Amino acid sequence: MQRKDQHRWRSLRIEVPGMKPKQESPTLQSPASAFSPTQLADPIEISSSPTYDTRNITQLPTPVINSGLFTQPKINLLKRSHVHGSISSGNHRAVSEFQPGTFIKRAETPNPTSTSIRHVSNPSLIDEDVKLVPLPPSDSEDFKLIGQIQQAPHLQKSYVFDEVVGSGTFSTVVRAHSTTNLDDVVAVKIVNVPTESKEEVSNFRLYICRELGLLTHLKHPCIVGLLDYSVNFSITQDEIDEALTGNPPSVPPGAEMYDYYNIKMFNQQFFFLQYSPGGNLFQWLYEHYSTASRRIVFWKLMRRIVAELIACLAFIHSHDVVHRDLKLENVLLNFKTEDVSTSFEPSAIDSPLCTLTDFGLSKKLTLPNQLLTTKCGSQDYVSPELLMGLQYDGKLLDSWSLGVLIYAVLEDRLPFDVPPLEFMSSSSISPSVLKRRRKKHNPAHRIAMIDWEWLRVSATLKDDTNSEAMKAIIRQLTSVVEVLLVRKDKRLSVTRVLHDERFQWIKEQLPSTFLEHVI
């Protein structure tokens, strides 16, 4: 008898003719003789199941339930159906959800406030009964903030919280006005430090120190201005200054223990920032893309915003600082919609039209070509090399993220989402390939494969009703994307893009002060 049979029937033995019976347990008897095809063997007697004493059992085994984790899931992420597919109040601003450590998050949509459902990505792939996902209950903590007064210690001013304009996992942003001047309006970023462990508090200490240092020392028209701050960490000015050196700050002896117990008592930290009345670029595009994108003034405005972002990134890269969280939600607008009229000429304006914010994931490099390993940011905007866990160039990561952002402006969707149904019939790609793309690969796979294409842009350029001036701007923007959303060995840094003769139009859009100190 083979070993596997002995293992399978280890409590059962069958006798055949010519085999000498062995002594066996009295509770088990084998057939007395062999059986023929016309004769059944005698029944086998097997002892009854043993009795167990259950009084000593303190825990039942954990059941294994197939919840779909062991199979390739459909693409049914709870996110926008396209880049502007979520509803929110006009002034909502999305804030990066920072958690110190290694993580990548799927880019999120500002929480809808004017509807009772959440839009789901790729609704055609999802069962009808799960297309409408109920929203989570609103956070009552946000309402508790309204009307509170917070002191800006260095400005020696007090501000009243008016409205919550954005929130993340660990932070909330409110609009506030001075108690003595209603026209003095600021944005207050409230960081809620988790206090479950000393390590978490220590990580947030470094995070806050880094953001304070970068915002204190990096001065550019398109970088959000830090007006004041109020933190109850024992952070010294020397530590804030050291944040721009790239070296770990020297924490005073006993500071970590002091901070841990101090933050346990009150964990909110306050950043008083320049207020941008237009909200963020993500929300603005969602509200105005469908009506504004057929007007030339819209594309002039987008070209100017892209030029400002390129100059801003080139500036921070010249200081060996990388942002690592560039996305539509982190671009704030310094104009109101009513300011954008037919006669609006963005290139003639000397003040910045947009502001780059949220430097919580930024890093000061110790060497200009330093390679990084920390996986952070929003999945929709991270480069293939970061997503695959390879060492990456932080400056080229920012280049990739900028390419994703410009693509989203042009196509009204993110580049690695599945192609929208409206373009499937007009695409030159075979229907079977499009169907396979929609059902098989998730966005992370397409990012790794750098699998994207122009759909809306192609249709717009073929449309004879669109002006040649509008098409010319679209071609300028697409030419930038095509040198950014490529492999890292072919990808241009934003500094090279800024100085490349093919993109001379970028400098032509900007005041000279925006290009100062850019190497």
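Strands are DSSP runs of E with at least two residues, helices are runs of H or I with at least four residues, and both are numbered from the N terminus; two strands pair if DSSP finds at least two bridges between them. With that in hand, let's start the tour.

Everything here is a predicted model, in which local features need pLDDT of at least 70, side-chain atom pairs count only at pLDDT 80 or more, and totals for chains, interfaces and linings use all residues. Residues are numbered from 1 along each chain as its sequence is written, and side-chain values use heavy atoms, leaving out hydrogens and water.

**Stop 1: the sheet.** Show the cartoon and find six strands forming an open, antiparallel sheet in the order E3-E4-E5-E6-E8-E7. At its edges are E3 (149-152) and E7 (226-230), each pairing on one side only. From one strand to the next, the twist averages 35°, with axes fitted to C-alpha atoms and angles running from 0 to 180 degrees between N-to-C directions.

**Stop 2: across the strands.** Select residues 157-167, strand E4, which pairs with E3 over four bridges; Gln151 and Ser158 are bridge partners there. Next, select 171-178, strand E5, joined to E4 by seven bridges, including the one between Glu163 and Arg175. E4 and E5 form a hairpin with three residues between them.

How many of the eight residues of E5 are buried? Seven are, where buried means under 20% relative accessible area (1.4 Å probe, protein chains only; exposed is over 50%, partly exposed in between).

**Stop 3: helix H3.** Select 198-217. Helix H3 packs on the sheet, touching E6 (185-192), E7 and E8 (268-273), and its direction makes about 10° with that of E8. Contact here means heavy atoms within 4.5 Å.

**Stop 4: Lys189.** Pick Lys189 in strand E6. An unreviewed UniProt entry annotates Lys189 as "binding site"; such annotations may be inferred rather than shown by experiment, and positions follow the numbering used here, with feature names shortened. Lys189 is buried because its relative accessible area is 5%. Its side chain makes a polar contact of 3.4 Å with that of Tyr207. A polar contact is an N or O pair within 3.5 Å; within protein, one atom must be able to donate a hydrogen and the other to accept it, and residues adjacent in sequence count only if both atoms are side-chain atoms.

**Stop 5: Glu239.** Finish in helix H4 (237-242), where Glu239 lies. Glu239 has 1% relative accessibility, so it counts as buried. The side chain of Glu239 makes a polar contact with the side chain of Arg205 at 2.5 Å and reaches the backbone nitrogen of Thr236 at 3.1 Å.
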